[in-house]
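Dear colleague,

Please find below the structure that I am handing over to you, together with its sequence.

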Amino acid sequence: MSPLLDVNGVTISYGDVEVVHPLSFSVDRGEVLGIVGESGSGKTSVGLGMIGLLPRNGRATGEVMFEGRNLLAMSTGELRRIRRRSISVIMQNPAKALDPCYTVGAQFVEILRLREPMSRRAARAEAEQRLRQVGIAAPAHRLKAYPHELSGGMAQRVMVALCLATNPSLLVADEPTSALDVTIQAQILELLKSVIADLSGAVAIITHDFGIVAQLCTKVCVMNAGRIVEAGPVADVFAAPQHEYTRHLLSLLPGHLHHDDQTRPARDEAESPI
Amino acid sequence: MSLVATGQLRPDAGPASGPPPARRTRRRLNPSLVVGGGLGLLLLLVALIGPLVCSYDPNAVDASAALHGPSGSHLLGTDELGRDMFIRLADGYRAAFEIGAGTVAFGLLIGVPLGLLAASAGSITDNIIMRVLDVLLAFPALILAVLVVTIIGAGEGALILAIGIAYTPVIARVMRGSAMATRRETFIDAARSRGAGTLRIALRHTLPNSVGPLIVQASIFVGVAVLLGAGMSFVGLGVRPPTPDLGLMLASGRDYMTTSPWVVIVPAAAIMLFALAFTLLGDGLQTWFDPQRAR
């Protein structure tokens with residue numbers, strides 16, 4: 001049987017510039033793929049482009065087979081239907097990914113009713129349960145809050161809950177912890193770990209952080225300058241990185257401090273005086 | 001400052017988390033908003049209550065009382081036909097509010113959908129709409145007014161229509177610009193990722209997040225529209241005598257300016273105060289919506 005998501009020879013270009021050269025990978029149910037690379041490597045373009053979420057001037061070619069159908073070849077209406085039912089995206093900056101004009105509850109109601117007809121009351125009940133699932137206390141209370149009333153970590157919990165609300169078979173997370181401060185990152189990482197364990201579908205995590213890959217993913221694609229330079233099960237890549245670039249990235253992980261002696265400032269100049 | 005609070009880790013989902021911390025950025029009342037809003041309200045009060053507390057008929061001619069100065073019986077004096085200036089002023093303000101509200105309502109009703117459509121639909125639609133509006137924008141408001149008046153005849157309705165048409169392109173532009181900026185926000189992408197359609201994104205997500213600049217613009221336009229309306233009435237393109245109108249009062253009073261200055265000062269000051277009130281209000285609203293940029 002073919003995998004749930006099979007990306008085949010996909011390229012992505014903005015205007016005349018091809019930023020992602022033909023690449024292929026696949027994710028199946030129960031797998032967690034990490035797409036790793038530095039800024040500008042094209043990882044976000046791939047992650048969002050494969051589900052048709054590029055900005056207006058972006059164009060994706062190739063074949064993205066999802067549940068047996070090519071996402072890049074279908075009409076906007078069909079694509080919309082698939083997004084409503086089967087795909088969820090966790091955005092990078094949770095504080096900006098929630099519409100500031102609506103309460104958390106209203107956003108749940110919208111998303112749930114886009115998926116299938118249901119009463120507002122039922123949607124709210126479902127939302128409450130979802131919020132509880134991501135470890136939010138007093139969910140009924142939070143449903144009435146506006147996004148600006150939430151802290152960054154709380155907003156990302158809400159985002160995760162929103163994304164799970166439709167029971168997606170594909171969950172895409174674009175830098176899910178990058179916009180959060182360090183203490184919150186650890187909490188969200190724990191949350192993602194438990195959420196992924198419960199999920200029956202496939203997950204793709206776009207990140208620059210090998211630490212996240214190590215904790216969450218089962219397989220990994222390392223991207224550099226629009227190409228996949230190395231791919232394979234996480235354990236293999238970590239144990240024996242084949243590519244020079246992968247070795248370089250891995251050396252930047254904390255615990256490999258011997259390697260970055262030259263790049264570290266002599267004193268902690270950046271430390272705040274207060 | 002409390003070093004303790006910053007040093008503590010606050011887990012977001014602690015079991016005992018009560019009401020959420022108040023993170024709402026406080027929007028302070030600013031002087032422009034208070035003065036502009038207060039003045040606007042005061043003028044509205046004059047327009048609404050004036051006719052009730054003042055027993056004079058705004059159109060009753062009394063030759064024996066012509067060009068009397070301000071006194072106990074005529075608060076702001078009388079004009080060249082002996083009509084009470086205060087009641088005419090109050091009626092003039094009522095007309096001014098009608099013109100201001102009417103033009104802005106017209107502009108919003110047509111301009112907002114056009115601007116939103118231009119921002120949401122493809123670049124072809126955008127170009128068609130905006131180029132047509134550009135042509136309209138190239139016409140001076142006064143020429144448009146002459147055009148409208150020759151077609152439907154002079155009067156308050158024609159005035160509202162003329163100024164409304166003149167300002168629709170501006171409102172559409174503001175709407176489009178604001179909506180374009182909103183559409184780049186992450187939550188719009190998030191809505192797309194959930195399968196929201198173009199219409200839903202435009203109406204439910206883009207519009208409510210783009211109205212700030214529009215409200216500011218609308219408030220300023222109320223003042224500008226009245227200024228323009230008074231100008232048109234002054235040159236005979238707007239309200240017809242004997243209907244009380246600030247521009248008309250100014251026009252008919254200018255012959256007596258040297259001997260009885262109040263017949264000009266009163267309507268002139270009235271127009272100035274009205275325009276000032278709504279410009280300040282617009283300014284204040286701008287600061288209210290965007291405290292950072294105003295500093």
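I begin with the meeting of the two chains, where 25 residues of chain B are in contact with 31 residues of chain A. On the chain B side, helix α7 (residues 186–193) contributes the most, with 6 residues. Sorted by class, this side of chain B consists of 10 nonpolar, 8 polar and 7 charged residues. Please bear in mind that this is a predicted model.

Turning to chain A, you will find 11 helices and 10 strands. Its radius of gyration is 19 Å, close to the 19 Å that the globule rule gives for 274 residues, so chain A is as compact as a globular protein of that length. Along the principal axes, its C-alpha atoms fill a box of roughly 60 × 55 × 35 Å. Of the 274 residues of this chain, 45% count as buried. Among contacts in chain A between residues at least 6 apart in sequence, 64% link residues at least 24 apart.

In soluble globular proteins, nonpolar side chains tend to be buried together. Here the largest nonpolar core has 86 residues, and those touching the most other members are A:L33, A:F108, A:V158, A:M159, A:I205 and A:C221. Helix α7 of chain A (residues 152–164) supplies the largest share of this core, 8 residues. Leaving aside residues up to four places away in sequence, A:M159 touches A:I90, A:M91, A:P94, A:A97 and A:L98. There is also a second, separate core of 71 residues, which includes B:L89, B:L116, B:M249 and B:A275.

Yours sincerely

How values were computed. Residues are numbered from 1 along each chain as its sequence is written. Chains are lettered from A and ligands numbered from 1 in the order in which they are written. This is a predicted model: local features need pLDDT of at least 70, side-chain atom pairs count only at pLDDT 80 or more; totals for chains, interfaces and linings use all residues. Helices (H or I, at least four residues) and strands (E, at least two) are DSSP runs, numbered from the N terminus. The radius of gyration is taken over C-alpha atoms; the globule rule is 2.2 Å times the number of residues to the power 0.38. A residue is buried if 20 or more other C-beta atoms lie within 10 Å of its own, exposed if 12 or fewer, and partly exposed in between; C-beta atoms are placed from the backbone. Two residues are in contact if their C-beta atoms, placed from the backbone, lie within 7 Å. A nonpolar core is a set of buried Ala, Val, Leu, Ile, Met, Phe, Trp, Tyr and Cys residues joined through C-beta atoms within 7 Å. Ala, Val, Leu, Ile, Met, Phe, Trp, Tyr, Cys and Pro count as nonpolar, Asp, Glu, Lys and Arg as charged, and the others, Gly among them, as polar.
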